[in-house]
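Please keep the sequence and the structure in view while reading.

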Amino acid sequence: MRSNAAPAVAMTMIACLVRVADVHGAGVDPVVLDAQKQRVEAVRRCASVAVSIFVGEAGGGSGVLLTRDGYAATNFHVVQSAGPAMTCGLADGRLYDAVLVGIDPTGDLALVKLLGRDDFPCAELADSDLVEVGDPCFAAGNPFLLATDLQPSISAGIVSGVHRYQFPAGTILEYTDCIQVDAAINPGNSGGGLFDARGRLIGVNGRASFEKRGRVNVGAGYAISANQVRNFLGCLRAGRLCDHATLGATVSSGADGRVVVSDILESSDAWRRGLRYDDEIVSLAGRPVRTVNAFKNVLGTLPAGWQVPLVVRREGRREEMLVRLAGLHAPAALAAIVAGQSGSDGKEGDSQPRAAEPPRPDLPVAIRECYESRAGFANHHFNIVERDRVAAALAAFRDTLPAGPWVLTGRLATDDEFRIELSDTSATIDLPTGTSALASADDFGRSPVPPGSGGMLGALVLWRRLVIEGPAAVGRTIYWGTAPRQPAAMGTVDAADLVDVLESAASGVEARFTVDEAGRVVAIDLWASPDDDPCEIRLTWPAAAGQVRPMPVRLDVRRGGEPFGVFHVDSRNEATAGRGDVP
Amino acid sequence: MIRRSVSMSVTSVAATVIVWGVCGWSAGPCHGGEPGSTQQTAAVAARRVVKIYGAGGVRGLESYQSGILVSPAGRILTVMSTVLDSDGIDCVLDDGRRFEARLVGIDPRRELAVLSIEGADLPAFDLTEASRVSAGTRILAISNLFGVAVGDERASVQRGVVAAVVPLEARRGAAEAPYTGEVYLLDCTTNNPGSPGGALVDSRGRLIGMLGKELRSSASGIWLNYALPLDELVRGCDAIVAGTTPAAVAAPPSPADLRLLGIVLVPDLLDRTPPFVEAVLPDSPAARAGLRADDLVIAVGTRSVASRDAMQRAVGGIVPGDPVRISVIRAGAVVECEVGPRPPENSPARSAP
C-alpha cells in the first residue's frame, strides 16, 4: 500500500481553507481572510518549488529549485550515495532527470540540476539574517519518502532559534548559523526548503535533534541559512568539491567573556596580516563576534578562499585586517570523505535524517551528456559551462578594447608619473624607482616585478591575455565560483554582491581574476609562490553611464596588507592605447 | 451520521486555522517585533528564561535544564532534578550573564525547586495572576531544549496548544511521579532534554505554567508533553520560600528488603544504575553496621553486584535470619559491613524521616 497520508493532509488543509473562504467569507474579519489567503498562496509557492528526490530503490530526500533553468539545492547527505544521476519529482506531477553539479560536504549542501526545461518555477532567496524567532515558517519536502505521487508535504511551524551552532556529531557535517524550527522535520525532509510566511526561501532543512523516541521529529529541526547557501552557490555551480574555511587560528572564550585567539598557525594568512595570541576578536566578515559559537557561525557560512575583513582589539586598540581564509580540509582528505572512507555514520543523537544507500545505476543518456568526472570536482562539466559563460562576458567587453599594445600612463598618489606598456610579447613598467620588464616567455614566478609588488607586471600581462585571448590563453583555468566584489565592505554593503572568479595556473604563477557582470576584470590576485603573499590589484572602472572608456581609471596595488601603489590612469590613454604610441 | 461527523471535524480544523490567522500570522516580516506579534511575545518572554547547568553529563542524564525568573532580585523557579544535585549550579541569563545559584529549597511533591542568584532589576515573570487556562489555549513553550542555546543565545521557542487539563498519571523509570494534580497536556513536543523548567506562556506572553520533567504516561508508556499550571507553581514557590516543605528529598520508595535493612539507594534512573547508597535510615541495621551515604555497594555476600537491580536481587535471595554481609567502596577503599541477620518480611518498616 502506498502511503501518502501527509500530502493528503496538506492538501485537505488547503482545500478546507479555500472552502471556508468561499462559504464563510462574508462573515469573517477581512484581516483573517487576508492572512488565510497569504498562507494559501505561500503554501502553493512552497509546493511548486519543492523537489522530491529519489535515489535508486530505497533512498532519497528533498530539494528546492533555485533557478528557472533547474538548479536545485539539497543536502550533501541526500546525494552522497546517489552518484551523478537521480530522479526528481515536482508538484506538477512530472519526473525529471537530474544531475549532480557541486557538493559542499562540510556544510551538507549540494547542487543538482533538473534537466529538460528552462522555465522551472523557482524560489525567491530571502535574506535569512532578517529571520526572527517567532516568524512563521513552512517546511516543504518528501518526509519518509511519502511523495510517491510527487506531491510534497508541507509542515508549518515557527522559528524557534536563529544563528544556532550545531557541532559535527560523529561526522564532518557542521551546521553553523542555522535556523531552528518547530515545523516537523523528519527523515526525507533533508534538502527541502524552509520558507517564510510569504513563501520565500530562508533555509535548506537538513538536521534534527533526535532523542529517545527514534528518528522522528521532536520539535527541533535545523535549516542551513539561505545566506550560507547564497555564499556557496557560485562554488557549487562551478561543479567543485567545495571546502569550508578556517582562519588558521582557534579562539576561546576568556574569563571575562571576550573571544580571544588561543592558538594560531604561523603559516596562516591571518598570522601574516598580524593576528596574534590573545587578540580579542571583535568582528569577522562584518558580523560582530561576542561568543565562540558566534565566531564559528560566521566562519561556517564562508567558503574557503574568500578574503574577509577581521577586526580585533589589542591593548585597547582596534586593528582591522583583510584575511584570506584557508581550506578546512586538505583536498585529498575531503575527496576521501566524499568517497565514503570516513564521514557520516549512524550515530545517535543529533544526526542527519538520511535514508539507506541504494546501488548505483548506469547513467542515463541525458546525464552522460552533462557529466564529467575529474579529481577535485563533483561534476567538471559544469565548470566548463560556467567558464564559458564568463569567457563570453569577457568577450563582449573585448570589442571596446584596443587591439594592439596597451599603454597606461598617469600619476601615482605621490604625484610621480608612471607608464605601463603591455603587448603580446613583452611588458614594461616605468616607475620613479626604476623600470622593470618582462618577456611573455618569462617565468613570472621567478621574476616578480616591479620589486616589492609581488608580481604586478605579470598580473597585468595575464589580465591582457585573458581579456584579449580568453581563459584558455592564461594556462589551466577553472571557474572558481563567486566572491564578494568588495571584501573590505562586507557587512556594510549588500552582502549578496557576489561576482565571478576565475582561477588559473600558468607561467610559474597562480592567479585569480574577479570579473563583474559587465565582463570587466575588477580584481587580480597573483601568487608568485603559493606560500607567499600575492600581489593584489584592484581595478576601478569609470561609471558606465555616458562615458565609454575601455581602461580602468585607477589601479590599487597591494601586497601583504600594505599598499604598493595607487595608479591614477590618464583618460588620454584611450586615444593612444590602440596605437601603442608614447604619450 | 458518519458523513455528519466528518464534516464536523473539517469545520473544527478550519476554526483552529482561523484562530491562528488572527493571533499569530502577521503578514510579511515584522522585524523588531510589532507589539502583540509572536516575535515580540517570544522575545519578551525569553528574557525571563534562564539556562541552568549542574550535575549530570553521564548517559541518559543531562547536566542542563531550564528555569524562569520570578523576581527582579533573582529568584528562579525550576524543576527539582539531579541537575541541581551539585555544589555549583550555574544560571545563564538571556543576555549571556552567568550567575552561580544557591538552592533555596525544594517542593518534593510538585518536584519544584527555587534557586537564588545575586541580581537586581532582572526581567521576571509575575506570579500573582495565577489563573488557569482551558484546553484550546494557544501557547508558546520557551526552554533550553537540547541545550542548543548557549551564552547569550536565546532559548528555543516552540508553538502549540493546550490539548487538555487532566490529572497527571505518570512515571519515571519504575517510580510513579509524586505529583498527581492537574497539568496542562500540550500539543507541542516539549518532552525533551533541557526543556524541564521552561516557561509556558499564552499568546500575550503571560506565564501560565512550567514545562515538567521528562515523564511517561503510566497508562501508555508514551512520553508526556505537559506543564504544571501557574497556581501550582505559586503554591509550591510560596511554600518553598516560607520553608513549609520538607527540606530534604523524601526517600524514594525502596524495595522492602533494602528498606528493612535501613538502606536507601539512589533513584533508579539509568539502565544499570550503580548501587550507590543515597541514605542510611537512623537506628537501622545498616546504620549500626556502619554503612554510610555515598558508599558504592560492590558485593552482597560473595555475589558481586554491578547495578541497583542486581543488589536488590542479591538481598532478596538471602533467607530471612541469615547474616547479610555488604562490601562497599568508600574513599577508594573496600569496606566490609556485617549488617546482621536479614529481618523477616513482616517486621515493622521504619519510615523515612
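Two residues are in contact if their C-beta atoms, placed from the backbone, lie within 7 Å. Helices (H or I, at least four residues) and strands (E, at least two) are DSSP runs, numbered from the N terminus. The model is predicted: local features need pLDDT of at least 70, side-chain atom pairs count only at pLDDT 80 or more, and totals for chains, interfaces and linings use all residues. Residues are numbered from 1 along each chain as its sequence is written, and chains are lettered from A and ligands numbered from 1 in the order in which they are written.

**Helix α9 of chain A**

Helix α9 of chain A covers residues 380-398. A residue is buried if 20 or more other C-beta atoms lie within 10 Å of its own, exposed if 12 or fewer, and partly exposed in between. Among the buried residues of α9(A) are A:Phe382, A:Arg387 and A:Leu394. The cover over the buried residues of this helix includes α4, α10 and β25 (476-484) of chain A.

**Nonpolar cores**

A nonpolar core is a set of buried Ala, Val, Leu, Ile, Met, Phe, Trp, Tyr and Cys residues joined through C-beta atoms within 7 Å. The largest one has 227 residues, and A:Val64, A:Phe138 and B:Ile142 have the most contacts inside it. Helix α10 (residues 456-469) of chain A supplies the largest share of this core, nine residues. A second, separate core has 24 residues, including B:Val277 and B:Cys337. In soluble globular proteins, nonpolar side chains tend to be buried together.

Leaving aside residues up to four places away in sequence, A:Phe138 touches residues including A:Ala42, A:Ile154 and A:Phe195. In chain B, B:Ala46 belongs to helix α2 (residues 38-46). Why does B:Ala46 count as buried? It counts as buried because 25 C-beta neighbours lie inside 10 Å. Its contacts, apart from residues up to four places away in sequence, include B:Ile142 and B:Val157.

Two strands pair if DSSP finds at least two bridges between them. Angles run from 0 to 180 degrees between N-to-C directions of axes, which are lines fitted to C-alpha atoms, for helices over the stretch in contact.

| chain A | β7-β8-β9-β12-β11-β10 | 45° |

In chain A, four bridges join β8 (residues 153-166) to β9 (residues 175-181), and A:Gly161 stands opposite A:Gln180 of β9(A). Helix α2 (residues 30-49) of chain A lies across β7, β8 and β10 of that chain, at about 30° to β7(A). Helix α4 (residues 226-237) of chain A touches β9, β11 and β12 of chain A, and its direction makes about 40° with that of β12(A). In chain B, β2 (residues 64-69) and β3 (residues 75-79) run antiparallel and share three bridges; B:Ile68 stands opposite B:Leu77 in β3(B).

**Confidence**

The predictor's confidence in each residue is pLDDT, from 0 to 100. Chain A averages 86, and 86% of its residues score at least 70. Over residues 1-18 of chain A the pLDDT is below 50, and over residues 574-583 of chain A it stays under 50.

How values were computed. The expected span of a helix is 1.5 Å times one less than its number of residues.
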